[in-house]
Amino acid sequence: TRKLSSFLPKILVWRRTGKIGSAYTKQDSQLAVLFFYFNKRDDGMDEVISICKLAIECIVNGNYGVLKEKNALTRVAAQDIQRVLSEYNPDMMPVMPPDDYFEQAPYIGEYRDGSGWYVDIDLWYPSGQSDLTLQLDIRKNQSQLAFIIDDIRVM
């Protein structure tokens, strides 16, 4: 049995600096968002989780063509991702994390204007979870979701 409080959302404020389009924000700017952690996500989050799985699977398998087809490489080029991966660990490539990782671990924040979400998700190696983080920008595009790889970095 679980405590009733374990089903309540946890609300946090996240500070995120970096790119917005081709411009950089100031280092001290804040984006206040709500993080919701539930054991079972609502239907909208299932599609966000599917996008996370697709992005990581493409990186793990080196299938950057799929990411390019989905216009996910407009901010970060495939060569840059490959360079970061080889600099982070030249002896190993990342692997797919366990399926239950996607249900609990990614930091998913919704933009204040309701236009989409950003996701910070750690990459995994054969030895386990790493501190190398894939950052995704997922936007609502009419009835579909579109995503862009925003960055990949150590956090």
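Is Tyr101 buried or exposed? Tyr101 has a relative accessibility of 8% and counts as buried (buried means under 20% relative accessible area, exposed over 50%, partly exposed in between, with a 1.4 Å probe and protein chains only).

## Basis

This is a predicted model, in which local features need pLDDT of at least 70, side-chain atom pairs count only at pLDDT 80 or more, and totals for chains, interfaces and linings use all residues. Residues are numbered from 1 along each chain as its sequence is written, and side-chain values use heavy atoms, with hydrogens and water left out.

## Aromatic pairs

Rings of Phe, Tyr and Trp (its six-membered ring) pair if their centres lie within 6.5 Å; planes under 30 degrees apart count as stacked, over 60 as edge-to-face and the rest as tilted. The count comes to four aromatic pairs. For Tyr101 and Trp124, the ring centres are 5.4 Å apart and the planes stand at 70°, so the pair is edge-to-face. Trp124 is buried as well, at 18% relative accessible area.

## Nonpolar core

A nonpolar core is a set of buried Ala, Val, Leu, Ile, Met, Phe, Trp, Tyr and Cys residues joined through side-chain atoms within 4.5 Å. The largest one has 35 residues, and those touching the most other members include Leu67, Ile81 and Ile149.

Contact means heavy atoms within 4.5 Å. Beyond its neighbours within four places in sequence, Ile149 is in contact with residues including Ile59, Leu67, Arg75 and Leu136.
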